[in-house]
Amino acid sequence: AENEPPSGMPCTQLLVSVATPGCDGFPSLDSNESYKLSVSEGSLLLNANAVWGALRGLETFSQLVARDENGTYYINMTEIVDFPRFPHRGLLLDTSRHYLPLRAILETLDVMAYNKFNVFHWHIVDDPSFPYESMTFPELSKQGAFNAMTHVYTASDVQMVIEYARLRGIRVIAEFDTPGHTLSWGPGAPGLLTPCYLDKNPSGTYGPINPILNSTYQFVSGLFKEVSSVFPDFFLHLGGDEVDFTCWKSNPHIRAFMKEMGFGDDYKKLESFYIQRLLDVVSSFGKGYIVWQEVFDNNVKVKPDTIIHVWKENSPPYAEEMANVTKVGYRALLSAPWYLNRISYGQDWMAAYQVEPLKFEGSLEQKDLVIGGEACMWGEYVDVTNLSPRLW
Amino acid sequence: RRAMTRAMGLLGLLLALFLVPAVLLSTGFRRGEPRTELPSEPAEWGPASDTVTEDSLWPLPQQLRTSSRQLQLVPGRFQLVHSAGSSAAGDCGLLLDAFRRYYGYMFGQSRRRKRGRGSHGAPAELPELSELHVVLQSPEPGCHVYPHLASNEAYLLTVAEPVAILKADEVWGALRGLETFSQLVHEDDYGTFLINESEIYDFPRFAHRGILLDTSRHYLPLKSILMNLDAMAFNKFNVLHWHIVDDQSFPYQSIYFPELSDKGAYSYNHIYTPADVRLVIEYARIRGIRVIPEFDTPGHTQSWGKGQKDLLTPCYNGEQPTGSFGPVNPILNTTYDFMTKFFKEISSVFPDAYIHLGGDEVNFDCWKSNPEVKQFMKKQGFGIDYAKLESYYIQKILDIVSSYNKGYIVWQEVFDNKAELKPDTVVEVWMGKNYAHELSRVTGAGFTAILAAPWYLDYISYGQDWKKYYSVEPLNFPGPEKHKKLLIGGEACLWGEFVDATNLTPRLWPRASAVGERLWSSRNVTNLQDAYERLTNHRCRMVRRGIAAEPLFVGYCPHEAR
């Protein structure tokens with residue numbers, strides 16, 4: 001039936017009704033984002049279980065409002081019942097390969113809200129730079145940022161991001177990726193990284209975090225104690241990907257340690273040794289964790305409520321990895337087919353759209369363990385000049 | 001004896017006639033005979049022990065020598081001026097505008113204008129460079145005319161205390177030299193502006209260095225086009241190839257045929273008025289950039305049919321018109337009446353000596369389906385060779401455009417399909433497969449060519465693809481030197497299917513910069529490491545000047561984009 005011209009009384013109020021309190025809390029994995037929207041003659045009603053659902057409903061309502069050729073705003077009579085299929089719908093930004101000014105992050109949070117994303121995965125530090133200003137270890141950003149005065153996130157910047165996100169129903173999950181991807185940590189934390197050797201002598205270059213020193217675990221403890229208190233979300237992302245064993249292998253002290261521990265020649269065991277202790281540290285601060293898939297692939301013993309983040313497209317094919325991870329009973333997050341930094345010519349949004357996250361061999365219980373996914377915008381070729389059009 | 005004296009007098013007179021101009025020529029500071037080459041190339045151009053490398057010049061000048069000796073510039077006092085001996089008078093608005101622009105680029109909107117010597121951090125011993133003198137030498141330096149293919153863009157820049165001197169025949173060379181000078185000025189950690197003593201002699205390798213923008217697939221707001229012209233000037237590009245209309249929309253507001261844009265533009269808000277067009281042309285002119293419009297026919301014309309009835313060929317299914325249309329209808333007189341009038345307007349609106357007439361990707365299916373067209377083919381004796389019909393059409397358009405004294409550029413199909421082209425036609429080679437051989441064929445047939453094929457920047461891919469554009473060597477095609485001279489340059493093309501003002505600037509820059517250096521600098525400037533260094537610095541400079549050029553790789557700029 002054709003649209004009838006807007007009738008009589010203009011709608012003057014959208015009544016928003018939220019069942020459970022929670023305006024001042026933070027969103028979580030268990031947050032209820034469902035809502036009902038009812039638009040009929042003389043009444044506009046938005047009902048939600050929690051304030052997070054109200055946010056989602058407001059976004060939908062704003063998308064229903066249209067304007068005709070005469071300039072009149074109108075809305076069609078509508079009934080909507082809505083809730084997310086997956087509770088974890090995330091976006092990863094990388095602020096180490098390129099610093100992103102605060103404004104760019106906040107703008108991204110706005111657009112995430114327009115698209116009902118609810119997790120901001122902040123891959124905040126990595127090899128090239130350390131922009132996070134730590135209170136416990138101020139030298140980390142002083143020595144590790146691209147420019148310690150201008151290319152850093154102060155404590156107040158971080159709080160701003162967390163609150164801006166909260167108001168939009170978005171969780172902020174910080175990732176401090178170790179033991180690999182840590183070159184920028186070295187200058188501000190002497191002794192933290194493994195010195196690589198050329199034959200008998202240190203070569204001057206450094207590798208992953210040194211897993212054999214007590215000082216390492218003291219440092220890790222100090223840093224994660226701070227991070228656990230700065231970031232209110234229950235989960236922290238601990239990384240654990242792409243650990244290159246070459247440097248460890250070259251270091252005689254490490255080799256000696258391997259022997260002592262009976263790890264043989266299997267450096268995965270050493271990696272596990274580190275990760276285990278890291279996980280214990282983080283647990284002791286009352287946090288849960290997400291880790292990249294290598295942690296699972298390399299048989300690290302993780303707590304049952306660990307979330308495994310599947311990112312590799314091919315080895316093994318991600319559908320297989322999703323099956324393997326959930327078979328053992330871990331929850332899974334999918335990113336592998338959604339590396340948006342890998343641009344190509346044409347309408348590549350279609351390929352991303354056609355991914356079916358539950359398309360893998362497994363039981364219904366397994367599939368229930370898939371809590372969602374994340375679109376990743378790694379920063380090698382991305383900064384504020386091209387972030388928005390590349391992402392949206 | 002009286003005869004002898006007279007002869008001596010005459011001799012003296014003759015001698016004077018020779019000597020005086022010779023003296024004038026050698027001082028170089030007087031209006032004299034037009035010079036065809038710049039005076040005394042500096043004596044030694046080899047590496048010297050005290051030279052330093054400039055790490056942010058882009059494109060790299062032909063001949064460059066810098067010393068480690070530094071001079072400082074004080075924003076409050078530094079001036080860019082016309083030299084007394086310059087042939088450009090005080091009314092050379094183009095240069096005055098350039099002086100103001102480049103002052104701004106060099107010193108930013110620096111509030112620290114009045115910095116005297118002896119202020120904290122500025123070493124008092126550093127000599128001060130107080131002025132840049134600009135000397136134009138041709139009696140007609142070009143202040144009030146449009147740039148063209150044969151414009152002289154060479155310049156000689158000498159940076160030494162107390163004043164730097166920028167010499168060029170024409171104003172176009174001065175513009176290029178100002179850009180280079182602004183790239184030599186850098187700020188140290190104390191905020192002092194420094195420049196190294198240097199001598200640069202520079203000129204472009206290729207005369208046609210263009211960027212293609214497509215405003216039909218997506219409308220580009222004026223601001224976007226103007227910003228792009230700024231970026232082009234930073235990279236010494238000198239041609240804007242404005243692919244203004246196409247199938248999808250007709251944003252060009254025609255004076256004779258207003259219905260074309262009334263019916264063919266995306267909306268009334270997606271139009272270029274005559275004032276808009278004039279603004280683009282003038283904004284380009286004062287940056288030394290030619291604007292070559294492309295009105296592509298007979299294909300790529302769907303949007304023309306909306307406002308011009310009976311221009312396009314009606315397609316048929318058997319005996320019945322299907323309701324859809326194909327290329328411009330080549331068999332009707334009305335078509336040529338329209339084109340005559342239309343191109344009369346275009347020839348007067350766009351001052352460049354060339355118009356791009358398109359001629360690419362003509363799909364013959366619709367023509368083949370139309371009974372009248374089929375009949376015409378028979379009558380003309382074209383058999384079933386529709387390329388002949390296409391050439392028949394193109395021929396007539398070329399003749400129309402010639403009658404308005406314009407030269408034309410066409411896409412390669414026009415040449416490939418054997419239309420009869422005037423000898424000064426420029427053929428643009430765009431098809432990726434085997435473009436080297438196409439260049440041989442085109443130049444072998446005696447036509448001028450421009451190369452676009454390897455530089456379709458709309459074909460994005462992951463990673464540092466600027467390297468692939470940089471590594472193209474345009475003259476790598478079989479043929480004698482005589483033919484290679486006919487390749488006058490190239491164009492980086494940004495087709496608009498997936499591009500509008502939201503992503504144009506980062507998609508075009510700095511990838512197009514790679515093409516810019518390939519077309520300006522010497523053939524042997526090919527080192528990717530060195531290029532990477534200079535280009536990352538140049539990119540940060542573009543960002544600082546307000547161009548949202550994307551990063552090449554991991555890293556940072558001291559002044560990030562806002």
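Predicted model: local features only at pLDDT ≥ 70, side-chain atom pairs only at ≥ 80, totals over all residues.
B:Arg101 is a buried residue, with a relative accessible area of 11%. The partner of B:Arg101 in a salt bridge is B:Asp97, and their closest N and O atoms are 3.1 Å apart. B:Asp97 counts as partly exposed, at 26% relative accessibility.

Let me turn to a second pair in chain B. The side chains of B:Glu473 and B:Arg205 meet in a salt bridge, at 2.9 Å from N to O. B:Glu473 lies in the loop between α14 and α15, and B:Arg205 in the loop between β7 and β8, so this pair ties together parts of chain B that are 268 residues apart in sequence. B:Glu473 is buried, with a relative accessible area of 14%, whereas B:Arg205, at 22%, counts as partly exposed.

Through shared partners, A:Asp94, A:Arg97, A:Asp126 and A:Glu380 are joined into one network of salt bridges. Over all chains, the structure holds 37 salt bridges.

I now come to the domains of chain B. The domain assignment gives domain 1, covering 63-109 and 125-202, and domain 2, covering 208-545. Their C-alpha centres lie 34 Å apart. How many residues of each domain are in contact with the other? The count is 23 residues of domain 1 and 22 residues of domain 2.

The area buried between these two domains of chain B is about 2,000 Å², and carbon and sulfur atoms give 52% of that area. On the side of domain 1, B:Tyr105, B:Leu149 and B:Arg176 supply 32% of the area buried against domain 2, more than any other three residues.

Finally, the polar side of this interface. Two salt bridges are counted between the domains, and eleven residue pairs are in polar contact. On the side of domain 1 that touches domain 2, α3 of chain B gives the largest share, seven residues. The residues of that side divide into eleven nonpolar, six polar and six charged.

Conventions. Residues numbered from 1 in each chain as written. Chains lettered and ligands numbered in written order. Heavy atoms only, no water. Domains from an automatic or database assignment. Contact = heavy atoms within 4.5 Å. Buried area = accessible area lost by both parts, 1.4 Å probe. Salt bridge = Lys/Arg side-chain N within 4 Å of Asp/Glu carboxyl O. Polar contact = N/O pair within 3.5 Å; in protein donor to acceptor, adjacent residues only side chain to side chain. Helix = DSSP H or I, 4+ residues; strand = E, 2+ residues; numbered from the N terminus. Nonpolar A, V, L, I, M, F, W, Y, C, P; charged D, E, K, R; others polar. Buried < 20%, exposed > 50% of the residue type's maximum accessible area, 1.4 Å probe, protein only.
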